[in-house]
Amino acid sequence: MTSRLRHPLTAVGFAALLTLPWLGLHTLLGSPLTTVQTVSLSGLSVLGASFLLAWGAETAEEDVPRAFALAILAVLAVAPEYAVDALYAWEAGVDPGSPASQEAASLAVANMTGANRILIGIGWSAIAVFTILRVKKTRDQAVETRNGLLADRVRLDRSVSLEIFFLFAATLFAFLVPLGPGIGVVDMFVLVGLYVVYIFVALNSPHEETEQVGVPAYLQDQTKSRRVATAVGLFVFSGATILLAVEPFAHGLEALGTQVGIPPFLMIQWVAPLASESPELIVVAVLVNKARSTAGFNALISSKLNQWTLLIGTLVVVYSVSLGFYGALPLDTHQAAEIWLTAAQSLFALAILITFTISLREAVALLGLFLAQLVYSVAGVAPTLTLPVVGRVVADNLFALHAFTVVYVVLAAVLVVTRWQHVVFLVRSARRRVEPDQPGGVAPGYPED
């Protein structure tokens with residue numbers, strides 16, 4: 001019985017089972033549902049479909065050309081988050097200038113910034129903590145035991161220098177996005193362009209085979225015809241499920257928040273991304289449990305690069321198509337502050353990873369700052385839900401956003417200055433991958449601690 005529960009197909013069946021209540025009760029039977037039921041069932045449907053989509057993408061890597069895998073599977077990686085963002089970007093263009101349009105544009109930014117901040121604040125930090133705490137059982141060779149308070153650390157693969165370099169570039173540009181009329185065509189060309197260049201460089205880099213585990217490993221061991229049919233089936237089913245569930249899930253969250261006194265912005269920024277981010281975090285936790293923390297961190301860093309470029313850069317496309325003509329997705333002062341804070345958090349996290357390590361101390365700092373700004377955000381946007389003391393401290397949420405942005409930027413600047421040798425090493429390593437006349441691999445002369 002236990003062996004059957006551990007069989008990869010059991011996981012596939014369980015993920016598919018999560019989608020059935022929503023597809024059966026609502027989509028097929030049209031049963032009337034309460035707001036709580038709508039959010040719960042559609043959210044579970046998105047969660048299950050996200051697992052299936054991820055497994056289908058990883059399985060397909062065995063058969064599709066590498067260029068196609070890198071370019072297309074990158075889009076699939078952000079599909080669940082993009083579905084919510086695209087929904088609100090589209091609704092923002094239906095009646096431009098109206099209160100409904102302004103709220104939809106605000107919610108598009110809320111989901112995008114929330115997903116990115118959760119990925120780093122919870123994803124990067126929690127996985128690092130989990131890796132270090134589990135080392136006695138996993139014997140993960142990537143974990144280094146060091147003297148000092150919370151000094152143990154996880155060492156990353158230096159080949160991830162390319163992703164970190166492009167993330168740095170995208171993060172620095174993100175600080176400029178709110179200075180324009182909104183998220184416009186320039187932002188699209190720069191951010192999507194950065195990802196296209198990254199894909200091009202990755203295509204010309206030495207190919208490293210990825211060892212799959214769990215469900216993808218099992219599916220890749222099947223015959224080619226069965227493997228391809230399974231991957232296509234997972235794509236079609238999960239994609240259709242996400243399309244059917246994302247609108248009621250997002251709008252249900254808005255309605256549920258209104259019923260209990262939580263603004264829609266807060267629900268879409270923090271609750272909605274959890275359904276789409278959870279599968280990836282769970283998969284990475286499984287990798288960590290198998291002593292493969294390096295592969296897990298590589299996946300999280302790559303996912304951040306996808307979200308921070310493709311997710312932001314293509315919002316203007318959906319908005320313009322909805323408008324029927326070109327237009328920049330508008331940003332108000334609050335949305336601009338949210339983007340600056342998200343960029344600042346990204347900058348601080350990258351300043352940590354520039355040594356290709358993350359210590360328990362640094363992971364706790366990432367997590368602590370994220371939780372602190374989350375509390376301040378809740379207190380500022382929905383003061384009725386917080387303790388009176390917190391509500392008085394955070395009378396102005398906009399001030400809190402700017403304050404945390406400054407904290408992140410100052411900490412990042414200190415790390416970059418004190419780790420300048422690592423910055424030089426990162427640039428040299430990325431240059432060896434970008435320039436065709438340079439030898440592959442990471443640059444020599446890594447600055448040891």
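View 1. Ala79 has a relative accessible area of 23%. Buried means under 20% and exposed means over 50%, so Ala79 counts as partly exposed. The model is predicted. Ala79 lies in helix 5, which covers residues 79–92. Ser50 is 29 residues from Ala79 in sequence. In space, the C-alpha atoms of Ala79 and Ser50 are 8.5 Å apart.

**View 2. Helix 5 packed with helix 6.** Helix 6 covers residues 99–133. The axes of helix 5 and helix 6 are 7 Å apart, at an angle of about 160 degrees. That angle is over 145 degrees, so helix 5 is roughly antiparallel to helix 6. The crossing of helix 5 with helix 6 is left-handed.

**View 3. The residues that join helix 5 to helix 6.** On the side of helix 5, the contact is made by Glu81, Val84, Asp85, Tyr88, Ala89, Glu91 and Ala92. On the side of helix 6, Ser101, Ala104, Ala105, Leu107, Ala108, Asn111, Met112 and Ala115 take part. By class, this contact of helix 5 with helix 6 has ten nonpolar residues, two polar and three charged.

**View 4. Gln335, a buried residue of helix 15.** Helix 15 covers residues 333–353, and Gln335 has its place there. The relative accessibility of Gln335 is 2%. Buried means under 20%, so Gln335 counts as buried. Which residues does Gln335 contact, leaving aside its neighbours within four places in sequence? They are Gln102, Ala105, Ser106, Val109 and Pro330. One of them, Ala105, also belongs to the contact of helix 6 with helix 5.

**View 5. Helix 3, mostly covered.** Helix 3 covers residues 35–60 and has 26 residues. Of these 26 residues, 19 are buried. From its first C-alpha to its last, helix 3 reaches 37 Å. That is close to the 38 Å expected at 1.5 Å a residue.

**View 6. The setting of the close-ups.** The protein has 449 residues, and buried residues make up 52% of them. It holds 19 helices and five strands. Among contacts with a separation of 6 or more, 79% come from residues 24 or more positions apart.

Notes:
Residues numbered from 1 in each chain as written. Predicted model: local features only at pLDDT ≥ 70, side-chain atom pairs only at ≥ 80, totals over all residues. Heavy atoms only, no water. Axes fitted to C-alpha atoms, helices over the stretch in contact; angles between N-to-C directions. Helix = DSSP H or I, 4+ residues; strand = E, 2+ residues; numbered from the N terminus. Parallel < 35°, antiparallel > 145°, perpendicular 65-115°, else oblique. Left-handed = near helix turned anticlockwise from the far one by under 90°. Contact = heavy atoms within 4.5 Å. Nonpolar A, V, L, I, M, F, W, Y, C, P; charged D, E, K, R; others polar. Expected span 1.5 Å × (residues − 1). Buried < 20%, exposed > 50% of the residue type's maximum accessible area, 1.4 Å probe, protein only.
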